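Subject: Structure for your files

Hello,

Here is the structure I said I would send. My notes on what was found follow below it.

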Amino acid sequence: MIVLVCALSTPAWAGRAELLDSAKLAEVLKKGQPCCVIDARGEGRRKQQPIPFAVIYKEGVKPKPGGFALVVGDNDQRALEIAQVVSKKSGQDVFAVKGGYPTLKQVQSGGKASPAGAETLTPQSFTIPSNTCEQGQALHEYK
């Protein structure tokens with residue numbers, strides 16, 4: 001009799017997808033790896049609270065090799081679902097931001113409360129370089 005034992009494991013090259021609270025998010029951002037922000041919120045929220053340099057989520061978006069991505073969604077469950085899809089397809093680490101935009105804003109400002117009416121993020125405690133997500137054909141080519 002032959003017995004086959006199969007173990008499901010994640011390949012070493014596969015990325016991970018996790019939901020990060022503000023403390024874990026701040027820790028990940030301190031590592032200084034290339035990072036892209038994927039904005040998976042509805043159009044209304046994106047317009048009310050823009051995130052500079054964020055890539056609007058669409059199928060096929062992925063972080064460049066060696067980097068990772070943050071997903072900001074309308075709710076934690078949706079953000080984590082998108083993080084899992086992007087991570088699985090890209091093999092890169094993709095983190096869903098628990099609490100969405102307010103959490104990203106809090107971490108970006110170093111944990112300080114933002115003044116009332118401040119609706120956009122401005123780089124202070126970390127930098128998100130542009131062009132750290134691949135999303136298919138270039139929208140504009142500089143020559």
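The buried residues of helix H4 pack against H1, E2, E5 and E6. This is a predicted model, so please read everything here as computed from it. H4 is mostly covered, with 6 of its 8 residues buried. Those residues are Tyr-101, Thr-103, Leu-104, Lys-105, Val-107 and Gln-108. Just after H4, Gly-110 has a positive phi of about 80°.

Leu-104 also turns up in the largest nonpolar core, which has 15 residues. Together with Leu-25, Leu-29, Phe-68, Leu-70 and Val-72, Leu-104 touches the most other members of that core. At least two core residues come from each of helix H1 (22-29), strand E2 (35-40), strand E5 (68-73), strand E6 (93-97) and helix H4 (101-108). A separate core of 13 residues lies apart from this one, and its members include Ala-40, Val-61, Val-71 and Ile-82.

As for the chain as a whole, there are 4 helices and 7 strands, and along the sequence they follow the pattern β-α-β-α-β-β-β-α-β-α-β. Of the 143 residues in the protein chain, 34% are buried. Taking contacts between residues at least 6 apart in sequence, 71% join residues at least 24 apart. The chain exposes about 9,300 Å², and carbon and sulfur atoms supply 53% of that area.

Regards

Notes. Residues are numbered from 1 along each chain as its sequence is written. This is a predicted model: local features need pLDDT of at least 70, side-chain atom pairs count only at pLDDT 80 or more; totals for chains, interfaces and linings use all residues. Side-chain values use heavy atoms; hydrogens and water are left out. A nonpolar core is a set of buried Ala, Val, Leu, Ile, Met, Phe, Trp, Tyr and Cys residues joined through side-chain atoms within 4.5 Å. Buried means under 20% relative accessible area, exposed over 50%, partly exposed in between (1.4 Å probe, protein chains only). Contact means heavy atoms within 4.5 Å. Accessible areas come from the Shrake-Rupley method with a 1.4 Å probe; for residues, only the protein chains shown count as cover.
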